Amino acid sequence: MAESLLGSSNDAKTSQEKQDRKELETRARAAAREIAEAGQTFDYIFSVWQKRHNGDAQLGKALLFSLGCQSVSNSRGMHVAATGEGGYGKSDGIKKMGKLIYPDFWKNGGFTPQTLYYSGGDMPDGVIVGLEDVVWGSDLGATIKRITTDFQEGGLRVSTVEMKGVEVRTAKRIAFWASCVDSQADEQIRDRFIMHNVKSDMERSKVIISHMQALDEGDQKPEEDEFETLVCQFLTYDLKQKLFNVKIPFAKRIRLEGDPRAYGMFADMIRSSAVFRYLKREEDESGRLIATLEDFENARSLYVEIGGHDRDKYTDSELKVLIAIIVNGGVATQEEMQEEAELSPGRVSDILNGRGKEGHGLLHKCKDIIVEDGRPKKYRLRAGFNPTCTVSIELAEPT
């Protein structure tokens, strides 16, 4: 009798839970519709993410701009790499944003080059792939390079099956959100990745601990958390059903210091901004979505915050090594760098030479370092070298 009553009670509880869940989803869909119609999709998702990952605003915005580019048919794709010391939030920021993506379009961790090509229906077009501790010189790094090159079509690979060549393609418009210790990718990878260096000083540590304590005290109720998650997932699902060709009618007025690839990245930021607000944007006679000056300002804000998009932009750890050489008179041994930068021998070696069998460290990235053979080796910077970059981007008056 007890078992019968217990079973009945559980059945009733399950039925009520299903009903509650259905009502929660209905409310979340209605809220998502209102947010999208108001053009607030980007702002809402970002605000929810900031509740769960304190700080690193540039990282959160970069992840969302990357997401928006997946709904743009004339985008070359935008990807994100968070670099920095372990324990300061680079992986957490990516994972927390990943949970706000509709589940079908978020795949995190455990990938090999083969799984990116052979996952079939598990990897739909517009999927976002989360990667931890990427070594860009590995086979996986080489595969990512090929896939990002063919963003719109999907990466192509020819395999041999039963003595016959078979072509397989990855999903279209894959976005990679990666964490890695250093920005040691080659130029081709860095051209399409926004690099965000997570701070790892004592002040940042205090902020992270304070945020963790607030979460532990339960400042937000679980049902509120679940509601916000569902709203974000429905908003991202809506975007995944769209594919816009975005027109930038003021493109010739943009004045940007940088190479053509830097301009390409900035233009994709503008397109992404427009997509997030597609219900507030007009279309031309060809059905193209028309970006506005608001989209320019949204893109410009992030572009300036991240210090521009430059293939030679340096991370904090790389800057420590470069500054150590400068402080030492423009030339230094590895031991002198270690002492000045307060880094271990292994860490300085990784920064200089890269990790993996084909590492792309600072010696590959910075053409102004001259290695002088000897015992010990010396590393010299060319006269006039400046490790910082100045960002300038303006919109000229219409003619």
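## Working chat: a predicted model

A: Starting with I369 in this predicted model: beyond four places in sequence, I369 contacts L322, L362, L363, Y379, R380 and L381.

Q: Where does I369 sit, in terms of strands?
A: I369 is part of strand β12.

Q: Is I369 buried or exposed?
A: Buried. Its relative accessibility is 10%, and the cut-off for buried is under 20%.

Q: How far apart are I369 and R380, in sequence and in space?
A: They are 11 residues apart in sequence. C-alpha to C-alpha, I369 and R380 are 5.6 Å apart.

Q: What joins R375 and P376?
A: A cis peptide bond, with omega about 0°. Most peptide bonds are trans.

Q: Where is P376?
A: P376 is in the loop between β12 (369-372) and β13 (378-381). I369 lies in that β12 strand.

Q: Which loop holds R173, and is R173 buried or exposed?
A: R173 is in the loop between β5 (164-169) and β6 (175-180). At 12% relative accessibility, R173 is buried.

Q: And E342, what is its phi?
A: Near 60°, a positive value in a residue other than glycine. E342 is in the loop between α13 (334-341) and α14.

Q: Is E342 buried or exposed?
A: Exposed, with a relative accessible area of 71%.

Q: Next, helix packing. At what angle do α12 and α14 pack?
A: About 100°, with their axes 10 Å apart. The range 65 to 115 degrees counts as roughly perpendicular, so α12 and α14 are roughly perpendicular to each other.

Q: Which residues make the contact?
A: From α12, S317, E318 and V321. From α14, R347, I351 and L352.

Q: How do the residues of that contact divide into nonpolar, polar and charged?
A: Three are nonpolar, one is polar and two are charged.

Q: Where do these two helices run?
A: Helix α12 covers residues 316-327 and helix α14 covers residues 345-353.

Q: Now the core. Which residues touch the most other members of the largest nonpolar core?
A: W177, V231, F266, M269 and I270. That core has 64 residues.

Q: Which helix gives the most to this core?
A: Helix α10, residues 260-276, with nine residues.

Q: What is I270 in contact with, leaving aside neighbours within four places in sequence?
A: I270 contacts I248, F250, I254, A291, D295, F296 and A299.

Q: What other core lies apart from it?
A: Another core of 21 residues. Its members include Y117, V134, W136 and I174.

Q: How far is I174 from E153?
A: C-alpha to C-alpha, 9.7 Å. In sequence, E153 and I174 are 21 residues apart.

Q: Where does E153 lie?
A: In the loop between α6 (139-149) and β4 (156-161). With 46% relative accessibility, E153 is partly exposed.

Q: What does E153 contact, setting aside its neighbours within four places?
A: R169, T170 and K172.

Q: F111 next. Which loop is F111 in?
A: The loop between β2 (106-108) and α5 (113-118). F111 counts as buried, at 16% relative accessibility.

Q: What does F111 touch, not counting residues up to four places away?
A: L116, M123, V129, G130, L131 and L140. The C-alpha atoms of F111 and V129 are separated by 8.8 Å, and the two are 18 residues apart along the chain.

Q: Are C69 and C232 buried or exposed?
A: C69 is buried, at 0% relative accessible area. C232 is also buried, again at 0%.

Q: Last topic, the whole chain. How many helices and strands?
A: The chain has 15 helices and 14 strands.

Q: What share of the chain is buried?
A: 47% of its 399 residues.

Q: And what share of contacts join residues at least 24 apart?
A: 72%, among contacts between residues at least 6 apart in sequence.

Key:
Residues numbered from 1 in each chain as written. Predicted model: local features only at pLDDT ≥ 70, side-chain atom pairs only at ≥ 80, totals over all residues. Heavy atoms only, no water. Buried < 20%, exposed > 50% of the residue type's maximum accessible area, 1.4 Å probe, protein only. Core = buried A, V, L, I, M, F, W, Y, C linked by side-chain atoms within 4.5 Å. Helix = DSSP H or I, 4+ residues; strand = E, 2+ residues; numbered from the N terminus. Contact = heavy atoms within 4.5 Å. Axes fitted to C-alpha atoms, helices over the stretch in contact; angles between N-to-C directions. Parallel < 35°, antiparallel > 145°, perpendicular 65-115°, else oblique. Nonpolar A, V, L, I, M, F, W, Y, C, P; charged D, E, K, R; others polar.
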